[in-house]
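Please walk through this structure, starting from the overall fold and ending with individual side chains.

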Amino acid sequence: MTVTPPLDRAVSSALPTRLRPADLLRLTDEGAEDVLAGRYDHLLPANGIWPAEERWATRLLSDDEVDVWLISWTPGKSTELHDHAGSLGALTVLSGALSEFRWNGTELRRRILTAGDQASFPIGWVHDVMRAPAAAESTGPLDPTLSVHAYSPPLTAMSYYEVTGHGTLRRSRTVLTDQPEGDM
């Protein structure tokens, strides 16, 4: 039997962050609790009027390892099919509901995430997110669809995709960004 000698240096993780999906889920859950408790009221839109035409976001927390965002979703505005480049992600829905269309390797699969639901996504996760149509009917500018998102490492780029006529994904563009879930 051959014994391999121990390494004399630290071996780093293959992931670009020490945080795991469970850590990001905990951070989005805590962020959601803080938003609901009013701890971030100073970051919310003036007079409690949420934008009705475009998505809105504010950064709740940022350091070298993670960005945590609060996002307000408007009817009919999707993020487009995208990934988060080299970042892991997670979200918690605070109010309303989101539709997520995820590429599973052969097709887009839809799921609805409602208030209290959480989801995490690994590197390479390709999805499109939008306010669920049912949420648009039951909420208004004073009762928005809100979610808290965490990315680790913080976002630096996103790639956008289209589904081809052959049922495959084709990257259409990559953009440098520090904004969550596409252009705001």
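In what order do the elements of the chain run from the N terminus on? The order is α-β-β-β-β-β-β-β-α-β-β-β. This is a predicted model, and its secondary structure comes to 2 helices and 10 strands. The chain has 184 residues, and 42% of them count as buried. Among contacts with a separation of 6 or more, 68% are accounted for by residues 24 or more positions apart.

The charged side chains come next. A search of the whole structure finds 11 salt bridges. One of them is formed by E65 and R18, with the closest N and O atoms 2.6 Å apart. This pair links distant parts of the chain, the two residues being 47 residues apart. E65 is in the loop between β1 (56-62) and β2 (67-73), whereas R18 is in the segment before α1 (21-36). E65 counts as partly exposed because its relative accessibility is 26%, a value that falls between the 20% limit for buried and the 50% limit for exposed. R18 has a relative accessible area of 63% and is therefore exposed.

A second salt bridge joins R20 and D23, with 3.3 Å between the closest N and O atoms. With a relative accessible area of 48%, R20 is partly exposed. D23, at 14% relative accessibility, counts as buried. E107 and R109 also form a salt bridge, and here the closest N and O atoms are 3.7 Å apart. Each of these two residues is partly exposed: E107 has a relative accessibility of 38%, and R109 has a relative accessible area of 46%.

The aromatic rings can be taken in turn. The whole structure holds 2 aromatic pairs, according to the search. W50 and W56 form an edge-to-face pair, with 5.2 Å from centre to centre and 85° between the planes. The pair is classed as edge-to-face because the angle of 85° is over the limit of 60 degrees. W50 is buried, having a relative accessible area of 9%, and W56 counts as buried at 17% relative accessibility.

The pair formed by F121 and Y151 is tilted, with the ring centres 6.4 Å apart and an angle of 55° between the planes. F121 lies in strand β6 (residues 118-121) and Y151 in strand β8 (residues 145-152), so this pair ties together parts that are 30 residues apart in sequence. Both F121 and Y151 are buried. Another ring, that of Y160, has the charged end of R173 sitting over it, at 4.1 Å from the ring centre.

Which side chain of opposite charge is nearest to D128, and how far away is it? The nearest is R55, at 7.8 Å. D128 is buried yet has no salt bridge, because a salt bridge requires the nitrogen and the oxygen to be within 4 Å. D128 is found in strand β7 (residues 127-131). Its side chain does take part in a polar contact of 3.1 Å with the side chain of T79. Leaving aside neighbours within four places in sequence, D128 is in contact with S78, T79, E80, L81, S99, E100 and F101.

V126 is found in the loop between β6 and β7. Is V126 buried or exposed? V126 has a relative accessible area of 7% and is therefore buried. Not counting residues up to four places away in sequence, V126 touches L81, H82, D83, F101, R102, W103, Y161 and L169. L81 and F101 are found among the contacts of D128 and also among those of V126. The C-alpha atoms of V126 and Y160 are separated by 8.5 Å, although the two residues are 34 residues apart along the chain. Y160 is the residue whose ring lies under the charged end of R173.

Definitions and conventions: Residues numbered from 1 in each chain as written. Predicted model: local features only at pLDDT ≥ 70, side-chain atom pairs only at ≥ 80, totals over all residues. Heavy atoms only, no water. Helix = DSSP H or I, 4+ residues; strand = E, 2+ residues; numbered from the N terminus. Buried < 20%, exposed > 50% of the residue type's maximum accessible area, 1.4 Å probe, protein only. Phe/Tyr/Trp six-rings, centres within 6.5 Å; stacked < 30°, edge-to-face > 60°. Lys NZ or Arg CZ within 6 Å of the ring centre and 35° of its normal. Lys, Arg positive; Asp, Glu negative; His and termini not counted. Polar contact = N/O pair within 3.5 Å; in protein donor to acceptor, adjacent residues only side chain to side chain. Contact = heavy atoms within 4.5 Å.
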